[in-house]
Amino acid sequence: MDNPRGRIRLMKSVHDGAIGVGEDFDEHIYKCLDCRACETACPSGVQFGKLVESARAQVEAVRPRPAPQRALRALFFDLLLPRPRLLAIAARASSLGARLGRPVLRLAATRSGLARRLLATTDLIPRRPLVLDRVPSRVAARGTPRGRVLLFRGCIMRAAFGDVNEATARVLARNGFEVQAPDDQTCCGALHVHAGERDGGKALARANLDRLERHDVDAIVVNAAGCGANLKEYGWLLKDDPRYAERAERFAAKVKDLTEVLAADGLAEAPGELRWRVTYDDACHLLHGQRVREQPRALLAAIPGLEVVPLEEADMCCGSAGIYNVTHDAVARALLDRKVERIARTGASVVVTANPGCAIQIESGLRRARLGVRVLHIAEVLDAAYGGPAAGPAMRKGLGTATRGA
């Protein structure tokens, strides 16, 4: 039952009334990564991601979670994700608490399974500074104007990867795009939809439509793969809503990943030299969800001096998969260990990716393996090539190969 055909069979059996939405159905539907690699492989074009996300919504509607789980889900999905400033405070508090509590958890982990789980979860908290973005509401284009875009700032990106949002705005401006970054946008709802919280995801989609569709822009630019895949499916998500269905389709048609926008006509301004050895890891929802593969690689190839080393199994999930690395930590850890082993073989000093969950997951694995490899978003690499502050002074001086003991 743990492959796409088996899960589709389960869904059909529930639909036909042959079985109920019970514990077994719950287990097999949630054990799926929802990485959508099966969609890339499927010759018939079955859109499995939409099926499994709908099935998860059925599970949440029919099988109430225990009270502690419901409280945690409400805290995360209903309170924190729609409020980036509150999420930023929570992220900083979690980071501080993890640093202070890790020694105690290590000691307790020798005797307690719960302590081991908590210790594994704290390992996922990034060591990098968690930065709330300060992107101006409007960033003027430089050079010959090429268009006007709206930067979708997201929730995790805005609350913890604000420096990536700022780098994104700078890179777009360097390439002739006027950037609008309204402050009233909210979470896209991707994590809600992946976790079966479909009503919450729909509510956030409606809020974003009400707030953002009035902006006259050529494209809505996203720098987080999971957000981009979900925003591009707003039409599907709200297809049964007579007030929003057509509006959602129009909105979704404008959504583009950052690399799609930059690669469409090539970089307007030539980047400077970076003498780094890097490898690129495909974020699942960029590759399999949005079919964006060549554009990031073309942009990296356009940077003089950058040595791009192919990554074996770059199209395989790292195990992050939304909140999968928390809910199914053993499977996620096995996938991560495999990914880290492949990265180590490249000898790269930098891993480039395009999704915050992937960055957090891969960074934790590299740190545990004591590999001196840094994880950067592709916007940070381009920004560094333009002389921006995204990657920091040490990175702009150049890095060679990976080292142990970081």
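1. Contact here means heavy atoms within 4.5 Å. By that rule, the buried residues of α19 pack against β6 (277–280), α18 (324–327), β8 (350–353) and α20 (356–368). Buried stands for under 20% relative accessible area, exposed for over 50%, and partly exposed for in between (1.4 Å probe, protein chains only). Helices (H or I, at least four residues) and strands (E, at least two) are DSSP runs, numbered from the N terminus.

2. Before going on, a word on the source: this is a predicted model, where local features need pLDDT of at least 70 and side-chain atom pairs count only at pLDDT 80 or more, while totals for chains, interfaces and linings use all residues. Residues are numbered from 1 along each chain as its sequence is written, and side-chain values use heavy atoms, with hydrogens and water left out.

3. Back to α19. Its buried residues are A332, L335, L336, K339, V340, R342, I343 and T346. They cover an arc of only 160 degrees around the axis, so they sit on the same side of α19; the arc is that of the directions from the helix axis to the C-beta atoms. On the other side, A330 and R345 are exposed.

4. Now the sheets; two strands pair if DSSP finds at least two bridges between them. Two bridges join β6 to β7, and R277 stands opposite E307 in β7.

5. Elsewhere, β2 (residues 147–152) pairs in the parallel sense with β3 (residues 177–180) over four bridges, and with β4 (residues 219–222), also over four bridges. V149 is worth a click: its bridge partner is V179 in β3 and A219 in β4.

6. On aromatics, rings of Phe, Tyr and Trp (its six-membered ring) pair if their centres lie within 6.5 Å; planes under 30 degrees apart count as stacked, over 60 as edge-to-face and the rest as tilted. The count comes to two aromatic pairs. F76 and F77 have ring centres 5.1 Å apart and planes at 70 degrees, so that pair is edge-to-face. Y234 and F251, with centres 5.7 Å apart and planes at 20 degrees, are stacked. Y234 lies in α13 (residues 234–237) and F251 in α14 (residues 245–253), so the pair ties together parts that are 17 residues apart in sequence.
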